[in-house]
Each structure stands twice: as structure tokens, then as C-alpha cells.
Amino acid sequence: MSSLADNSGPETVLVVEDEVFVRMVISDYLRGCGYKVIEAADADEALMVLQHDGIQIHVVFSDVEMPGSMDGFGLAKWIRANRLGIDIILAGTVPGAASAAEKLCEATHLPKPYESQAVVERIGWLKALRSSRFERSETAVEPGAK
Amino acid sequence: MITASPADEPAAKQAVVLVVEDEVLVRLMLADELREHGYVVVEAASGDEAVNLLRGGVHVGLVVTDVRMPGNIDGVGLARFIRGEHPDIKIIMVSGHMTSPEAVNFVDGFLSKPYDLKLLVRNIELILARSSGMDPVE
């Protein structure tokens with residue numbers, strides 16, 4: 001069984017983001033430059049990870065606006081009060097997140113997988129395709145419905 | 001084609017597995033195990049996220065999904081969606097509860113929680129090997 005307590009190896013980044021496309025692409029990017037990445041869909045999930053004794057997090061990379069019991073600022077405040085030593089990166093927009101991920105990659109010995117602009121474009125592409133297919137699906141269910 | 005990774009199309013042995021699980025620590029453990037076995041893993045915290053990923057064109061070979069999840073669509077609904085929209089995607093359902101008999105019609109495998117991770121990985125290997133016509137990796 002995989003151990004949650006495997007703290008050897010690369011630094012671990014906890015990516016906290018409720019938009020699944022942003023979370024997936026940013027996490028991919030950070031894995032591509034050597035980080036171990038743990039994904040959390042909101043601050044409540046992040047707290048479960050942060051409070052798990054067997055998991056060591058070095059950096060929390062969080063969205064600002066998220067559903068749930070706290071937003072990114074609340075999560076940052078909790079970390080400052082309870083987990084000193086963890087670096088916190090808050091990014092409120094997709095371009096901001098891509099740029100911050102690029103900077104994080106530049107801190108490693110591995111080359112960044114691609115430019116941050118490609119991260120933004122990829123997220124935009126996924127969202128656009130999802131929206132077009134969702135609209136087609138809705139139309140198929142209710143012909144004539146807007 | 002969009003894949004889960006910005007890198008080149010994964011090799012057949014490195015199929016993309018979508019893990020759909022609302023318990024973050026369970027999702028993390030399963031995703032870690034699969035990555036250690038060489039799979040590209042995409043994570044979804046709900047059925048809704050999984051549907052969004054598939055509608056976004058994320059190329060997935062197999063879905064491992066929990067049954068009971070919050071949101072608009074549970075694991076059975078997700079399996080039904082996949083069978084309708086993406087019939088080539090293989091599905092393994094995991095649950096701590098008895099699921100509806102209907103679900104059996106949609107899935108390629110079913111495991112009761114708590115399950116042995118190695119058994120789940122073995123099931124994934126077998127199902128993907130069968131679908132690609134390859135011999136399972138020993």
C-alpha cells in the first residue's frame with residue numbers, strides 16, 4: 001500500500017483549487033518540474049491533509065475564492081497560526097496561478113515543462129470545450145430549450 | 001488530442017486513470033499508488049467534477065469511482081453518463097455500501113470498501129490489458 005507518510009524526495013505542494021481544470025493543469029505543471037503534488041478541492045479538504053500527521057507539506061498553493069467553510073485567506077490564516085514553516089502562495093486568477101506556478105518551477109533544478117501562457121491557454125481550451133458540450137447536451141435533452 | 005498530461009500521449013501501459021472520490025485522503029492514497037505504478041492520474045473530488053473533465057475533452061482510459069458522493073451526480077449516475085457519452089472508457093466502481101443492481105450494467109469491475117489497493121491496481125491492469133488486447137503485466 002502506498003504510504004501517506006513518505007516524506008523523502010521532492011518538496012510537496014498542496015494545490016487547493018475548486019475549479020477542477022485549473023487544479024488539474026496547475027498540478028500537472030508542478031509535477032512536471034519535479035514537485036510531489038497533493039490536490040485539494042477546497043479549504044476543508046486542505047485542512048484534512050494539513051492535519052494528517054503522516055503528510056508533510058512544504059508549500060500551499062491556493063485559490064482565493066472557494067466554497068466551503070473558509071476561503072484562501074482563511075486557509076492562509078489557519079496555516080500561519082497552526083503550521084509555521086509552510087510557504088503560502090495565494091493566486092486569485094488563472095493567469096496569476098500560472099505565473100506563480102512558473103516561479104515555483106524556476107526554484108527547482110528541473111526545467112519548467114512549458115511557458116505559463118500555455119497553462120492559461122490549456123485551461124481556457126478545456127473550459128471552452130466543456131461549455132460547448134454542456135450546451136449541446138442541454139439542447140439534446142430539451143429540444144428548443146435555450 | 002487533450003490528454004491528462006501536457007507531455008506526449010501516454011504509452012498504452014500508462015493509461016490515464018480518472019479517480020473520482022470525495023474523501024481527500026482516500027483519493028490521495030489511491031492516486032499515489034496508481035502514479036507509483038506508472039499511470040497518469042487525474043483526480044476528481046465529485047461526480048460533477050468528473051463530468052466536467054470528460055466534457056472538457058480530458059482523454060481517460062479508465063475511471064475508478066466511489067458510489068456515494070455529494071453533488072448532482074453520484075457514482076451510478078456518473079457510470080450511466082460515461083456509458084452513454086464515452087462507451088470506450090472502462091469503469092471500476094468502489095463502495096462501502098451495497099449499490100443498485102442497475103450499476104452492474106454500467107461497470108467493468110466492482111470492489112467493496114475497504115479494498116486492497118494492490119487488488120484494485122491488479123484489476124485496473126487486467127481490464128486495460130483486456131481492452132487493448134495486450135497481455136496483462138506480470
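**Cavity, helix contacts and a cis bond**

User: What volume does the second largest cavity have?
Analyst: This is a predicted model, in which local features need pLDDT of at least 70 and side-chain atom pairs count only at pLDDT 80 or more, while totals for chains, interfaces and linings use all residues. Residues are numbered from 1 along each chain as its sequence is written, chains are lettered from A and ligands numbered from 1 in the order written, and side-chain values use heavy atoms, without hydrogens or water. A cavity is a set of points on a 1 Å grid over the protein atoms alone where a 1.4 Å probe fits but cannot get out. With volume taken as the space filled by probe spheres set on points joined across faces, edges and corners, the second largest cavity has about 30 Å³.

User: Which elements of chain B each supply at least two residues of its lining?
Analyst: The lining (residues with an atom within 4 Å of a point) includes Val19(B), Arg27(B) and Asp66(B). By class, it has seven nonpolar, one polar and three charged residues. Among DSSP runs (helices H or I, at least four residues; strands E, at least two; numbered from the N terminus), the elements are β1 (16-20), α1 (24-36) and β3 (62-66).

User: How are α2(B) and α3(B) oriented to each other?
Analyst: Helices α2 (residues 47-55) and α3 (residues 75-85) of chain B have axes 9 Å apart, at an angle of about 15°. Angles under 35 degrees count as roughly parallel and 65 to 115 as roughly perpendicular, so α2(B) and α3(B) are roughly parallel.

User: Which residues of α3(B) meet α2(B)?
Analyst: Contact means heavy atoms within 4.5 Å. From α2(B) come Gly47(B), Ala50(B), Val51(B), Leu54(B) and Arg55(B), and they meet Leu78(B), Phe81(B) and Ile82(B).

User: Which residues of α2(B) are in contact with α1(A)?
Analyst: The axes of α1 (residues 20-32) of chain A and α2(B) come within 10 Å and cross at roughly 70°, which makes the pair roughly perpendicular. Val20(A), Phe21(A), Arg23(A) and Met24(A) of α1(A) make this contact with Glu49(B), Asn52(B) and Leu53(B).

User: Which residues does the cis peptide bond join?
Analyst: Most peptide bonds are trans. Here one with omega of about -5° is cis. Its proline lies in the loop between β5 (109-112) and α4 (117-132) of chain B. The bond joins Lys113(B) and Pro114(B).

Technical notes
Axes are lines fitted to C-alpha atoms, for helices over the stretch in contact, and angles run from 0 to 180 degrees between N-to-C directions. Angles under 35 degrees count as roughly parallel, over 145 as roughly antiparallel, 65 to 115 as roughly perpendicular and the rest as oblique. On a 1 Å grid over the protein atoms alone, a cavity is a set of points where a 1.4 Å probe fits but cannot get out, and a pocket is an open set with protein on both sides within 12 Å along at least five of seven lines; lining residues have an atom within 4 Å of a point. Ala, Val, Leu, Ile, Met, Phe, Trp, Tyr, Cys and Pro count as nonpolar, Asp, Glu, Lys and Arg as charged, and the others, Gly among them, as polar.
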